[in-house]
Every structure is written in structure tokens, then in C-alpha cells.
Amino acid sequence: MRSRHEVDTTTRFNREWELPDERLIEVAGTEPIAETDPVTETVTREPYIADPDLEEAVNVAIALGRPLLLQGDPGAGKTRLAYAVSYALGLPLEEAYIKSTSRGQELLYTYDAVRRLYEIQSARGSGARPVEEPDKYVRLGPLGRAIARAAYGRRSVVLIDEIDKADIDFPNDLLRELDQLKFEVPEVPGLSYAVPAGRPELRPIVIVTNNEEKTLPPAFLRRCVFHYVRFPSRPEELDSILELHGIRRRSLRKQTITTLLSLRELDLGKPPGLSELLDWVGYLQAVDAGNRDIERLAYSGALVKQHTDQARVTEWLAGR
């Protein structure tokens, strides 16, 4: 088990870096993990503004080699942070989007026992000798690929998105692997993967998002660095975000921000967040909407997503 005091002081995420608009990043998800000359692709810069507290949380998680657990309002930018860290550090991003049927082992590997049985039976039926290559039926998952890639001296960012969608056993099934960053494949005796001992700079940077649909186990929480991503409620913050995402008209930014902040003060079941704001303002800019369109909340289906909320907003508009 790795020392708790062994930290990575070589890698830091900096929100103020002057990054290029494009850069080469290793393609994630390719198998097998190549020892040399990984396949790369050109990706565009992720427009993301991290406040100082979030930047600090990312760097603490990187240094300690612990998962960074993010909570906060839906649409506040939790998922996109993984893309921003991946781009800023030039690392491949492995993505795991969790469903209610997801199992912890799938993040590490899956073993196609049915295919192996079929090929053995087919070989016997034809009189041929079955080929004993059990490892060819192993397919690494996102976290498994990141651990395997570290064995070749390359680091990864791993996104585990909406972990609370899975069964309560899901995070518990990953406790040992997230703590020790190694795992075995019992179906193939002797096959195992591990981050090299004494190389903290190769530990995957794991970012976990949680929308609080379920309470996470205390044992899992102990292994994480926690941060709550707050909604950027100050108009200056929202203006910077819209400008970063290509909303050029200053008057459009100002008017839509005022409208959004007013809506978030209403008693809505699902207050609009950053994701909804970007969709709405992006469409308004694309169709060259005028002030009157914004005042009457045109195209509000991109902004307000529940019928009861839309009725409440209609009342609010009528009363202004």
C-alpha cells in the first residue's frame, strides 16, 4: 500500500495558464495500450473558468493521488472540469458515464466468458485444438486503461460521472482499487495491472461527480478530496463565462444574465444553471434575437425544463 505522505509535487492545474487554442493529446480508449508512440489527435481548448478554491482542490487531489469528488448544482460545470484538466495538462481523458446498471468492475475490465466458451466449443467441433489465449477476452475499462497506461510511463485523467446513479455497492466495489491503483484479473491467472510504486506523478487524476441522488458510503468519502462547485452568481463571473464561450454582444450578455439571476430567485423545482444559460444565449445570438425577445423569455424551453416551472415563470412575466 502506498504511503499517505507520498505526494506528487510535479503536476499542477493552473486556471491562469495561457494555453494554445489547440494541442495534441493521446487518444483515450484505444486498446491495447501501446508501449511507445501512442496515437494522438488534435483537440480544441476547453473553455473553463475555475475559481481559486476549485483550482486548489484540483491540485490537492493531484498531489495526494486521491479522487476529487465534486458536488454542486446540475449544470454548474462539474463534468466539464475533467475536460479542462485533461486539456490543460495535455493528458488523455478516460470517461465513465455511470448508469443504474453499472458495476464497479466494469471501470476496471470486462471478461467475455461467453465468447471464449463459444470459440472453445467451435474449435472442438471442428477437431482443432482450442487456442489458449484467455487474456484476449479481457477488455479494459476507463480506470483499468488509466492504470495500465501508467505502467508505460503515461498519466491519464479519469472522469467518473454521476456516481450516485449507480447502486450503493458501486463505490464500495472500487475502494481498494482507487486506494492502491492496482487490480488483478482472476479469470486470467497472473494478469494484473498497477501504477508503478514510487511514481506518484503517474497516478491517474480521478474526477468524480455526484448530484446527491444517493448518499455515498463513508468509506468512499474518506478516500476522496471533496469540493462543492458553487453556481457563479456574480454578474461579472457569468459575463466572463459567456464571453469565453463566444457570446460577443455585450448587451446580450448583460440582459440574459439579469434574466437568469431573476429566475434563480423564483421558487423553481429546477432553477436554470450554466448549461441552460449557455444553450439559451447561444441560440439567441445565432438567431440575432432582440431585446424584446429576451424580455418575453423567447425560446424558454432551452432555459426552463419543467412544466410547473414554466407556469411559474409565465406568472412572473405577467406580473412584471
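**Figure 1. Helix α9 passes helix α10 in a right-handed crossing.** In this predicted model, α9 spans residues 235-244 and α10 spans residues 250-264. The two helices pack at an angle of about 125°, and their axes lie 10 Å apart. Angles of 65 to 115 degrees count as roughly perpendicular and those over 145 as roughly antiparallel; α9 and α10 are therefore oblique to each other.

**Figure 2. Residues of α9 meet residues of α10.** From α9, the contact draws on Pro235, Leu238, Asp239, Leu242 and Glu243. Their partners in α10 are Arg253, Thr256, Ile257, Leu260 and Leu261. Sorted by class, the residues of this contact comprise 6 nonpolar, 1 polar and 3 charged.

**Figure 3. Threonine 209 lies in strand β10.** The strand covers residues 205-209. Threonine 209 has a relative accessible area of 1% and is therefore buried, the limit for that class being under 20%. The side chain of threonine 209 reaches the backbone nitrogen of glutamate 162 at a distance of 2.6 Å. When neighbours within four places in sequence are set aside, the residues in contact with threonine 209 include Leu159, Ile160, Asp161, Glu162, Ile163 and Asp164. Leu70, Lys78 and Thr79 are also in contact with threonine 209.

**Figure 4. Aspartate 288 occupies the loop between α11 and α12.** Phi of aspartate 288 is near 55°, which is a positive value in a residue other than glycine. The relative accessibility of aspartate 288 is 58%, and the residue therefore counts as exposed.

**Figure 5. Tyrosine 299 is found in the loop between α12 and α13.** Helix α13 comprises residues 307-318. For tyrosine 299, a residue other than glycine, phi is likewise positive, with a value near 60°. Tyrosine 299 has 38% relative accessibility and so counts as partly exposed.

**Figure 6. The whole chain provides the setting for the close-up views.** The secondary structure of the chain consists of 13 helices and 11 strands. Taken along the principal axes, the C-alpha atoms fill a box of roughly 80 × 50 × 40 Å. Of the 320 residues in the chain, 46% are buried, threonine 209 being one of the buried residues. Among contacts in the chain with a separation of 6 or more, 76% are accounted for by residues 24 or more positions apart.

Methods:
Residues numbered from 1 in each chain as written. Predicted model: local features only at pLDDT ≥ 70, side-chain atom pairs only at ≥ 80, totals over all residues. Heavy atoms only, no water. Axes fitted to C-alpha atoms, helices over the stretch in contact; angles between N-to-C directions. Helix = DSSP H or I, 4+ residues; strand = E, 2+ residues; numbered from the N terminus. Parallel < 35°, antiparallel > 145°, perpendicular 65-115°, else oblique. Left-handed = near helix turned anticlockwise from the far one by under 90°. Contact = heavy atoms within 4.5 Å. Nonpolar A, V, L, I, M, F, W, Y, C, P; charged D, E, K, R; others polar. Buried < 20%, exposed > 50% of the residue type's maximum accessible area, 1.4 Å probe, protein only. Polar contact = N/O pair within 3.5 Å; in protein donor to acceptor, adjacent residues only side chain to side chain.
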